[in-house]
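Take the chain one feature at a time. Start with the covalent link, then move to the helices and the loops.

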Amino acid sequence: MPTHKLNPDNWINKYSDYLFNYTISRVNDREMAKDLVQDTFFAALKSMKNFKGNASERTWLIAILKRKIIDYYRKINSKKGQAEVRMSYNAEDNDGDWLEEQVADPYDKTAEDDLQNDELGEAIFKCLDKLPEKQASVFRMKTIEGLDTETICNELNITASNLWVIIHRARNAMADCMEKTWF
């Protein structure tokens, strides 16, 4: 008997950030990552009738996204005549624990790391000060403070889709600024 049900009305609020971060770490192209996440949502909507409820929504969406990413690499590699790209895929990689395994030990720091982190922090906050007030607020709340979408939307009296647009613009502006000032 199925234990999970789909609720596509909440997919963007609940999963878009997670899916985007998952994708950007694999394709390293912001626009392509956004496209792949969007394609994932569309594919999920089209195949809702096939959902059996044996997995959570997030697990199901990640499975669809993984296929989209593989298809993306197959497509670009076939265009270039290159060999097939083999992505490491662990079937048990359903709950996002892979991220913790990839992060360096925070206690293994040197004085140079601390200096570099201080400089990076200064560069981030200088770029944050250059953003329009609303973008800066949303970026700070979502990225630095780690607040969830619903909390931010309630506090700023905006919709989730508006939040997504604002955070997208803020992230792009921050990336451009950091590229000029930090790299």
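A search of the whole structure finds one disulfide, meaning a pair of cysteine sulfur atoms within 2.5 Å. The model is predicted: local features need pLDDT of at least 70, side-chain atom pairs count only at pLDDT 80 or more, and totals for chains, interfaces and linings use all residues. Residues are numbered from 1 along each chain as its sequence is written, and side-chain values use heavy atoms, with hydrogens and water left out.

Which cysteines form the disulfide? Cys127 is joined to Cys177, with an S to S distance of 2.1 Å. The link of Cys127 and Cys177 is left-handed, with -80° about the S-S bond. Cys127 sits in helix H5 (residues 111-130) and Cys177 in helix H8 (residues 160-181), so the bond ties together parts that are 50 residues apart in sequence. Helices here are DSSP runs (H or I, at least four residues), numbered from the N terminus. Both Cys127 and Cys177 are buried. Buried means under 20% relative accessible area, exposed means over 50%, and partly exposed lies in between, using a 1.4 Å probe and protein chains only. Cys153 also counts as buried, because its relative accessibility is 9%.

Now turn to helix H1, which spans residues 11-27. Its buried residues are Trp11, Tyr15, Ser16, Asp17, Leu19, Phe20, Tyr22, Thr23, Ile24 and Val27. An α-helix has 3.6 residues a turn, so residues three or four places apart point the same way.

How do H1 and H8 pack, and at what angle? Two packed helices are described by the angle between their axes and the distance between the axes. For H1 and H8 the angle is about 20°, and the axes are 10 Å apart. Axes are lines fitted to C-alpha atoms, for helices over the stretch in contact, and angles run from 0 to 180 degrees between N-to-C directions. H1 and H8 are therefore roughly parallel to each other, the term for angles under 35 degrees. H1 passes H8 in a right-handed crossing, in which the near helix is turned clockwise from the far one by less than a right angle. Asn13, Ser16, Asp17 and Phe20 of H1 make the contact with Ala160, Trp164 and Arg171 of H8. Contact means heavy atoms within 4.5 Å. By class, three of these residues are nonpolar, two polar and two charged. Ala, Val, Leu, Ile, Met, Phe, Trp, Tyr, Cys and Pro count as nonpolar, Asp, Glu, Lys and Arg as charged, and the others, Gly among them, as polar.

Asn28 follows H1 and lies in the loop between H1 and helix H2 (30-46). Its phi is near 55°, a positive value in a residue other than glycine. Asn28 counts as exposed, because its relative accessibility is 68%.

Asn157 is in the loop between helix H7 (149-156) and H8. Phi of Asn157 is near 55°, again positive in a residue other than glycine. Asn157 is exposed, with a relative accessible area of 71%. Thr159 is found in the loop between H7 and H8. Thr159 is partly exposed, at 47%. The C-alpha atoms of Thr159 and Asn13 are separated by 9.8 Å, though the two are 146 residues apart along the chain.

Finish in H7, where Glu150 is placed. Glu150 is exposed, with a relative accessible area of 59%. Its C-alpha atom is separated by 9.7 Å from that of Leu163, 13 residues apart along the chain.

Notes:
Helix = DSSP H or I, 4+ residues; strand = E, 2+ residues; numbered from the N terminus. Parallel < 35°, antiparallel > 145°, perpendicular 65-115°, else oblique.
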